[in-house]
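Colleague: I've just opened this one and I'm new to it. Can you walk me through it and tell me what backs up each label you use?

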Amino acid sequence: MRNLQPYTDNSREFIDGIISKCTSNEKKSSCQDIVDRYGECIDEYDSAFENDDLERLVVNHPELCAEEKKQFKSLYSYERSEISHLRHRLLTNERGFENEFCPICEVNLVQTMDHFIPQEQFPLYVVHPKNLIPSCQTCNQHKSAKTLDGSGRRHYWNVYLDAIPHEKFLYCSITERNGLPHATFDLQQGDIDNRIFKLLENTMKEQHVLKTYEAGSGREIKRLINETVAYVRKDACTHTLNDCIEQIRNLKLSCSEMNNWKDVLDIALLESTVFVRCLREELERYDVPFKN
C-alpha cells in the first residue's frame, strides 16, 4: 500500500470542464442542469473530504431519477483525456516520477479508476476528482458497493486520507509446495488503532490484496534466488553460504519498508529453510561453488 496526494485544484471546475466537453448539446444541458440543482451536494464532497467525514455524503445524497443517473454517469470514461490527465497527475510523485502500479496492492498496473463512493448509488460523484482513485482491475472488481460498516463509519481504506501505520501489520509465512517455497500473507493488529486496522483488514481481505500478494510471489521468489546466486557467486570463496544469506538479509533489513509486501516476502524467504534448500539446489545446478 502507498498513499497518493489528492487533487488540489478546484473540484467543481474539473467537473464543469468535463461537462463542457460533451459533444451532445442535450447531454451537456442535462448534466449542467443537474449540477445547478445539486451543486451544494457536489461541493460538499470537498468539505467532507477535508474533515475525513465522507460518511455524511452517503446519508445526504439526493435521489436522482433513472434518466438523471444515466446522463450524469455517462460523464465518466476511463479513456477521457481529462481522466487520463488526472490519473497521470495522481500517480506522479513530488519528484516528478510516475508510479503506474496500483496504490492498494502495488502488484498490478493501474487499469481502472475506482469510485471510492460507488457511482451506482451516488452518481453525483462520478467524476469528482477526489472520489476517483487509480486502481488495478483486481482491487477494483473485488471492492463491494458497501460504503459504511456496522457502526456507520467508512468501510474501506482511502489512499488519500489514511496514513499508513508506522507499526508492522503485514506478515508472511513460507511453506513448501511441490518442493518449492510458497508464500502466504496475513495481517496482525499489534498496537495499531482499532479503526485504522479495521480499514486495512476490510480492504486487504475483501479486495483480495493478500491473495494478490500470494499470486505475485512466484516471480519475486525467482528474483531473490537469482540475486542470491549472483551474490554467492561473487563472495562464496571467502564466506559460507549461510554467511552470504545473513549478509543479504541484513542489507535488506537496513533499507526495507516493514509493510512493503516485497520486502516482507524477501525477509521471510531469507529466514526460511525451504528457500535455503532451493537455493542450494540452484547453486549446484549452475555449478556455483560455495562453502557449507
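Modeller: Let's start with N202, which sits in helix α7, residues 194-206. Helices here are DSSP runs of H or I with at least four residues, strands are runs of E with at least two, and both are numbered from the N terminus. Keep in mind that this is a predicted model, where local features need pLDDT of at least 70, side-chain atom pairs count only at pLDDT 80 or more, and totals for chains, interfaces and linings use all residues. Residues are numbered from 1 along each chain as its sequence is written, and side-chain values use heavy atoms, with hydrogens and water left out.

Colleague: Why is N202 called buried?

Modeller: Its relative accessibility is 7%. Buried means under 20% relative accessible area, exposed means over 50%, and partly exposed is in between, using a 1.4 Å probe and protein chains only. So N202 counts as buried.

Colleague: What does N202 touch, leaving out residues up to four places away in sequence?

Modeller: H155, Y156 and Q207. A contact means heavy atoms within 4.5 Å. The N202 side chain also reaches the backbone oxygen of H155 at 2.9 Å.

Colleague: What about K73: which label does its accessibility give?

Modeller: K73 is in helix α4, residues 66-73. Its relative accessible area is 23%, so the label is partly exposed. Setting aside residues up to four places away in sequence, K73 touches Q119, E120, P123 and V126. With E120, the side chains are joined by a polar contact of 2.5 Å.

Colleague: And H128, buried or exposed?

Modeller: At a relative accessible area of 1%, H128 is buried, because that value falls under the 20% cut-off. H128 lies in the loop between β1 (112-115) and β2 (132-135). Beyond its neighbours within four places in sequence, H128 is in contact with S11, I15, I42, Y45 and D46. H128 and D43 are 85 residues apart in sequence, with 9.3 Å from C-alpha to C-alpha.

Colleague: What makes the phi of N178 stand out?

Modeller: It is near 55 degrees, a positive value in a residue other than glycine. Most residues other than glycine have a negative phi. N178 is in the loop between β3 (170-177) and β4 (180-187), and with 76% relative accessibility it counts as exposed, because that is over 50%. H208 also has a positive phi, near 60 degrees, and is found in the loop between α7 and α8 (209-235). At 25% relative accessibility, H208 counts as partly exposed.

Colleague: How do you know that α10 is mostly covered?

Modeller: Eight of the 10 residues in this helix, 261-270, are buried. Among them are W261, L265 and I267. At the start of α10, a side-chain oxygen of N260 comes within 3.0 Å of the backbone nitrogen of K262.

Colleague: Which residues have the most contacts inside the largest nonpolar core?

Modeller: F72, L124, L170, F185, M204 and Y213, in a core of 84 residues. Helix α2 (residues 25-50) gives the most to this core, with nine residues. A nonpolar core is a set of buried Ala, Val, Leu, Ile, Met, Phe, Trp, Tyr and Cys residues joined through side-chain atoms within 4.5 Å. L124, for one, touches I34, Y38 and F72, among others.

Colleague: Which residues line the largest pocket?

Modeller: The lining includes R2, Q5, L90, E94 and F97. Its residues divide into four nonpolar, five polar and two charged.

Colleague: How many helices and strands does the whole chain have?

Modeller: The chain has 11 helices and four strands. Of its 292 residues, 49% count as buried. Among contacts between residues at least 6 apart in sequence, 71% join residues at least 24 apart. Along the principal axes, the C-alpha atoms fill a box of roughly 75 × 40 × 35 Å.

How values were computed:
A polar contact is a pair of N or O atoms within 3.5 Å; within protein, one must be able to donate a hydrogen and the other to accept it, and residues adjacent in sequence count only if both atoms are side-chain atoms. On a 1 Å grid over the protein atoms alone, a cavity is a set of points where a 1.4 Å probe fits but cannot get out, and a pocket is an open set with protein on both sides within 12 Å along at least five of seven lines; lining residues have an atom within 4 Å of a point. Ala, Val, Leu, Ile, Met, Phe, Trp, Tyr, Cys and Pro count as nonpolar, Asp, Glu, Lys and Arg as charged, and the others, Gly among them, as polar.
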